[in-house]
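User: I have a structure open here and would like to go through it with you. Could you keep the answers plain?
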Amino acid sequence: MYKGHVDISHIDDEMLYRLKFVEHVNTVWSAGYWDRKGVAVPDYPHDAPWVQQVFEGDCPGWVANCKDLFPWLKYSMVTVNKILPGRFIAPHTDTLFKMQQKVKDQNIDTTGLSPIRINLFLQDRLEGHYFEMENEAWIDYVKGDYTIIKPDCTHLVANLGYQIRFTMQITGFAKQEDIQ
Amino acid sequence: MIKYGKLDIDVTNKMLNDLKFVDYFQCYRQYDKLHHYYTEGNSSIWQMFEESPQWVHDFAKQLPQDFDHHVVSVIKIDPGQTIPHHVDKHFKLKEAHGEGESYRYLIFLEDWKRGHYYEVHDQPFTKWSAGEWVKFGNDDWHIAGNMGDEPFYSAQVTVLKNV
């Protein structure tokens, strides 16, 4: 698992809690992940597989400015995820749908670039907060740590604690040498 | 003090599938923040106690024999369910056998699977193999959950040393 760190000490809890989330998504379908794997969709309880999200244009300026922390990431888009205690994003691979749509709509030339997603942790790990990718867990991250999620990497995130979990996803295109 | 160890166990899928759970209940929510977020829908588990099969009772013979009394149970956490942050007080064991030092051995019955999670004293524990155990006391806060797509089975041997 790729592990990096950027300084986001200017982001505090109040900024996170003030964010207005515009979508509340049930992740049980995992964007077709189970179908592609040929296994049954898990019988998750209705209350559990939920994430709240706010995207690109609906985010305040400080969120968009975080793109500048990753100047090697081209044509990037940003999302913030909020996961309440007892909720999780089920195992899945990223389809990067919005990014792919942007490329198509704006006729962006991505020759020589690979689509990736940066998962940036906006808080130190708190009790019950969990990130797992390709059967490897990251259990000691701190605020500002990030990893790179490639489109074919199965991952899941969960909040089994009692405090809200916030992360940022910055999706874009990168040269292979920038993500080794 | 948290201790870790491993038993030599051979628990098959059939043995787990044959377990007849009848108790399905919502986990205790021991403080207000948990009441706010955890519901019957996302924090319920299956559990069996002394009616557990003999192979579960036999685990007690393999553990360090530093106790006078014990009880056993098996927990099945279905996908999507969490046992939220809590401590176990071992009331029933003490009610039956008197006061003393009590501990719980949590024994993982299968190798770790994607999305299976356990945490004690803010220390996450993953990637376990079948038979590994964690010993913790009645003041050790812990969490377990299953965000994967297969059930998460564990056995508990709760022990008491009279003092």
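User: Which residue does Phe55(A) stand opposite in β4(A)?
Analyst: In this predicted model, Phe55(A) stands opposite Thr79(A). Strands here are DSSP runs (E, at least two residues), numbered from the N terminus.

User: And how many bridges join β3 to β4(A)?
Analyst: Strand β3 (residues 50-55) of chain A is joined to β4(A) by 4 bridges, and the two run antiparallel; strands count as paired if DSSP finds at least two bridges between them.

User: What about β11(A), how many bridges there?
Analyst: Between β4(A) and strand β11 (residues 165-174) of chain A there are 8 bridges, again in an antiparallel arrangement, and Lys82(A) stands opposite Phe166(A) of β11(A).

User: Why is β4(A) described as largely enclosed?
Analyst: Because 7 of the 10 residues of strand β4 (residues 74-83) of chain A are buried, the strand is largely enclosed by the rest of the structure. Buried means that 20 or more other C-beta atoms, placed from the backbone, lie within 10 Å of the residue's own.

User: Switching to chain B, what is its secondary structure?
Analyst: Chain B has 5 helices and 11 strands, where a helix is a DSSP run of H or I with at least four residues.

User: What share of chain B is buried, and what does it span?
Analyst: Buried residues make up 39% of its 163 residues, while the C-alpha trace spans about 40 × 40 × 30 Å along its principal axes.

Technical notes
Residues are numbered from 1 along each chain as its sequence is written. Chains are lettered from A and ligands numbered from 1 in the order in which they are written. This is a predicted model: local features need pLDDT of at least 70, side-chain atom pairs count only at pLDDT 80 or more; totals for chains, interfaces and linings use all residues. A residue is buried if 20 or more other C-beta atoms lie within 10 Å of its own, exposed if 12 or fewer, and partly exposed in between; C-beta atoms are placed from the backbone.
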